Amino acid sequence: MTVDIEEKQKAEDALSKIKSAVSKPDKKRAEALTQLKGKLASGTVTKVDPLVQSQLDDSQNDRELKKRYANYFIWILVGQLFAMNLAFILVGFKWMEFERYELELYLAGTLAEVFGIVLIITKNLFPNRKPNTK
């Protein structure tokens, strides 16, 4: 028990020597640092780097924008597929006429466009992420 008290006294003496060696402006910084450490230890202040916070905000905005674009493109694709199927049905019931090759070209082109847009959307929404090399 006496050893702990002696060690504590030695630590306090060393701290007071260090504090007395510090100049006045440095004392203010040391006091501010001590207060900040106390707040951090108590949990009343959280330490966040402004650059990290900016990156988090950018990431959240990107995510929201990607969701919005994905919804727009999905509805565009639904409309396009609906129009293609409607044209196909109308031609099937002979309510609309196309040459055979025109209809095949239209259907193939529309499907290729739909698959191309889906591919582009998925590659941009879910890019290959390289692992951090830090």
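Modeller: What follows takes up a helix pair, a salt bridge and a surface patch in turn. This is a predicted model, in which local features need pLDDT of at least 70 and side-chain atom pairs count only at pLDDT 80 or more, while totals for chains, interfaces and linings use all residues. Residues are numbered from 1 along each chain as its sequence is written, and side-chain values use heavy atoms, with hydrogens and water left out.

Colleague: Why is α3 called roughly antiparallel to α4?

Modeller: The axes of α3 and helix α4 (residues 100–125) cross at roughly 165° and come within 11 Å. Angles over 145 degrees count as roughly antiparallel, under 35 as roughly parallel, 65 to 115 as roughly perpendicular and the rest as oblique, so α3 is roughly antiparallel to α4.

Colleague: What makes the contact of Glu104 and Arg100 a salt bridge?

Modeller: A salt bridge requires a side-chain nitrogen of Lys or Arg within 4 Å of a carboxyl oxygen of Asp or Glu, and for Glu104 and Arg100 the N to O value is 3.1 Å. A search of the whole structure finds one salt bridge.

Colleague: Why does Arg100 count as exposed, and Glu104 as partly exposed?

Modeller: Buried means under 20% relative accessible area, exposed over 50%, and partly exposed in between (1.4 Å probe, protein chains only). Arg100, at 57%, is therefore exposed, whereas Glu104, at 38%, is partly exposed.

Colleague: Which residues form the nonpolar patch on the surface?

Modeller: Leu65, Tyr69, Tyr72, Phe73 and Ile76 form the patch, with about 500 Å² of accessible area together. Patch members have over 30% relative accessible area and no salt bridge, with nonpolar side chains joined within 5 Å and like charges within 9 Å; Leu65 has 34% relative accessibility.

Note on methods
Accessible areas come from the Shrake-Rupley method with a 1.4 Å probe; for residues, only the protein chains shown count as cover. Axes are lines fitted to C-alpha atoms, for helices over the stretch in contact, and angles run from 0 to 180 degrees between N-to-C directions. Helices (H or I, at least four residues) and strands (E, at least two) are DSSP runs, numbered from the N terminus.
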